[in-house]
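Reader: Could you walk me through this one, starting with the terms you rely on?
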Amino acid sequence: MAKRAPEPEKRPGFFSQIKSLFRFTREVYGWLPWAQIAILVAGILLGLVVGYLIPPFQVWTLVLWAITGLMLGVLGALFLMTRLSTNAMYAKIDGMPGASGHVLSTSLGRNWQSSDTPVGINPKTQEAVYRAVGRGGIVVVGEGARGRLTRLVNEERSKAQRVANGVPVHVFYVGHGDDEVAIADLSKTIKKLPKAINKTTMAAVIRRIDSVSQSVSSLPIPKGIDPTKVRAQRPR
């Protein structure tokens, strides 16, 4: 008797995702429900005002405009929740090992290539260095105590300058001190870098760096965070 093919994993439905996103965001922003209610009420009131002012005045027209305002309020409430969910995710992962790698690998877009695996790491302290290559050049990101990151960052910067001569190398340290970049601003800061190389040069730089990069797969990767579990799913 032939074995049954395994049933495909069911994805959570739209409303289930909305519910998860709401719970996740409310953990950081406890005032979210009240703000959403206010947006819904404001939408309904706006619809009623428009329906009352547009002649000729009829009850069914007023009702239709109220429903329209309610729909606009729903969209506004969902938009607010989606925007706040991103900030909530950053607030939860801030300061956790591996946060920089998650941001680099998921938030930079097509013009950059990176990985959530560090290119350098201190096994004892979990300070780590990450790298991204894009149209703005090469970016080296240090995560952890800045003083203990100096050697790792300098090694990665020297390697990049050696194999990609003429390509700008930018160094950022994640944190809240002077000359440091908050995790919430990391992707925006990198995206603002002026374009310095074209796509062909970018691909060549990636190949060169990968060919000389020492694998760190055998080193203990920071276990303090799994950002994919921290971040709530967005509704599809």
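Author: Buried means under 20% relative accessible area, exposed means over 50%, and partly exposed lies in between, with a 1.4 Å probe and protein chains only. This is a predicted model, in which local features need pLDDT of at least 70 and side-chain atom pairs count only at pLDDT 80 or more, while totals for chains, interfaces and linings use all residues. Residues are numbered from 1 along each chain as its sequence is written, and side-chain values use heavy atoms, leaving out hydrogens and water.

Reader: How many aromatic pairs does a search of the whole structure find?
Author: The search finds one aromatic pair, where pairing requires ring centres within 6.5 Å (Phe, Tyr and the six-membered ring of Trp), with planes under 30 degrees apart counted as stacked, over 60 as edge-to-face and the rest as tilted. Tyr-29 and Trp-31 form that pair, edge-to-face, at 5.6 Å centre to centre and 65° between the planes.

Reader: And is Tyr-29 buried or exposed?
Author: Tyr-29 counts as buried because its relative accessibility is 19%, whereas Trp-31, at 45%, counts as partly exposed.

Reader: Switching topic, what does Arg-157 touch?
Author: Leaving aside residues up to four places away in sequence, Arg-157 touches Val-169 and Val-171, contact being heavy atoms within 4.5 Å. Arg-157 is also 6.9 Å from Val-140, C-alpha to C-alpha, although the two are 17 residues apart in sequence.

Reader: How accessible is Arg-157, then?
Author: Its relative accessibility is 29%, so Arg-157 counts as partly exposed.
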